[in-house]
Amino acid sequence: MHLRMSLSVKHLLGIRDLTRQDIELIFQTADQFKEVLQRPIKKVPTLRDTTIVNVFFENSTRTRISFELAEKRLGADVVNFSASGSSVSKGETLIDTVNNILSMKVDMVVMRHSATGAPHFLSKHINVPIVNAGDGINEHPTQALLDAFSIREKLGGVEGKKIAICGDIMHSRVALSNIYCLKKLGAEVTVVGPPTLIPKHIAQALDVNVSYNIREALEWADVANVLRIQLERQNMPLFSSLREYSLAYGVNRKLLDSLKKDIVIMHPGPINRGVELSSDVADSGQSIILDQVENGVATRMAVLYLLGRNE
Amino acid sequence: MKSILTDRQLAITIERLSHQLIENHLDFSNTVIVGLQPRGIYLSDRIYHNLQQLLPGTDIPYGKIDITFYRDDYKSGKSLHVPNETDIDFSIDNKRVILIDDVLYTGRTIRSAMDALLDFGRPSRVELLVLIDRRFSRELPIQPDYTGRTIDAIITERVKVLWKERDGKDEVVLIA
């Protein structure tokens, strides 16, 4: 039957604010968009009277292209803004920048910013829906949604599954959003990495297991989500060298072959091949990295569809 | 609540509609059937089943289509619709498509359905089959090719088609 439902939030600032029902509604909607993307004409006219601006204050390949494709396949008009080459370098503030864009009749904002909380701040000053495409070291909600959606697709569900999030937990917004999302869906989560890259008290604060031993964590896990070392966000040395990190925490074929079972390998991209993940693992049948990218478009279409009415 | 069709009348009506389809499409060699989500699929399931019994050995392509993303009230409607599954795993290019829904009222759903359908290809012809045609309430110039029962109901009345699979019994009722 025609269910009439909506999200409990007006913006997607973080998974922290979502309920389990919200996440399930997004997945249910994304299932249907995934079917749309298999059609001869991969486009629907749903958001044809909606204009969306992608405001990127920080570099991006996948997320930006994925959002733009999602918007175009929903029939929306799309405007792109990058901080580099804009009047931001002339000293214009965030609110002024966005308000100027909105006065040109824009209906939705997708924003990436290097400052934690930037979209939350903006949401208090503008009245159109905002989708957080990554803010500093806080959250990257659509990445977590597409990751959980991909696990659900691969393993038939998320509840009760064991997920190891590996690497630079401290500086990763993907890690935090993933933890919120997976815990809300009833999965078990272990974070694993060098002690210097795992926040203190994370076990109590977020109800996750902590491990400093990659082999132990992978032996336990159904899925390993391997993260990139965020060198650009580290302002002091937290491990001795990338080579040593790779030897102690890199996920490679030899390590996977020594486990008792085959686990699913994920990575949010961009991969530093040979550091956190070896090429023979990234390109293997165990990896669902490209499925994650594919599912990103359908998941983002669902988020934009569910928020676009601006209720 | 007034009964418009009893379970027996409903079965006879569906039987008649199936025969009318055969009258026009003969061996169904170039015809496909598409039921409309969410409530039209119960009728299309029955008709598809009937046709298979009446034309043994014929393999008629049968799909389901959801029109949620093609609605014209995304922003103006009372609330957001959650989409249902679309499943059309065959080409509709140059095919005769029979579109099936339970009740034809304003015509807006069928308008959306035709837009959705045309994203799958270019059929040679599209026909519309409905169980109930609420005439005099059309908002768009759309008429059915096959009709189970035509009724005159005022705007405040609601026509509901009940199906055994989902509602526990087969019946068509008018709710004042």
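Is F136(B) buried or exposed? F136(B) is exposed, since 11 other C-beta atoms lie within 10 Å; a residue counts as exposed with 12 or fewer such neighbours, buried with 20 or more, and partly exposed in between, with C-beta atoms placed from the backbone.

## Basis

This is a predicted model, in which local features need pLDDT of at least 70, side-chain atom pairs count only at pLDDT 80 or more, and totals for chains, interfaces and linings use all residues. Residues are numbered from 1 along each chain as its sequence is written, while chains are lettered from A and ligands numbered from 1 in the order in which they are written.

## Strand 5 of chain A

Strand 5 of chain A (residues 162–166) has four of its five residues buried, so the rest of the structure largely encloses it. Helices (H or I, at least four residues) and strands (E, at least two) are DSSP runs numbered from the N terminus.

Strand 5 of chain A pairs in the parallel sense with strand 6 of chain A (residues 188–192) over five bridges; pairing requires at least two DSSP bridges between the strands. The chain passes from strand 5 of chain A through helix 6 of chain A (residues 173–184) to strand 6 of chain A in a right-handed β-α-β crossover (clockwise from the first strand over the helix to the second, with the strands pointing away from the viewer). K162(A) stands opposite E188(A) in strand 6 of chain A. Strand 5 of chain A also runs parallel to strand 8 of chain A (residues 223–226), joined by four bridges, and there I163(A) has V223(A) as its bridge partner.

## Helix 5 of chain A

The axes of helix 1 (residues 20–36) and helix 5 (residues 141–155) of chain A come within 11 Å and cross at roughly 65° (lines fitted to C-alpha atoms over the stretch in contact, with angles from 0 to 180 degrees between N-to-C directions). That makes the two helices roughly perpendicular, a term covering 65 to 115 degrees.

Q143(A) is found in helix 5 of chain A and is buried, with 27 other C-beta atoms within 10 Å. Beyond its neighbours within four places in sequence, Q143(A) is in contact with V174(A), S177(A) and P268(A) (C-beta atoms, placed from the backbone, within 7 Å).

## Backbone exceptions

Most residues other than glycine have a negative phi, and most peptide bonds are trans. F136(B), in the loop between strand 5 (125–134) and strand 6 (146–151) of chain B, has a positive phi of about 70°. The peptide bond from Q37(B) to P38(B) is cis, with omega near -5°.

Terms used: Parallel < 35°, antiparallel > 145°, perpendicular 65-115°, else oblique. Contact = placed C-beta atoms within 7 Å.
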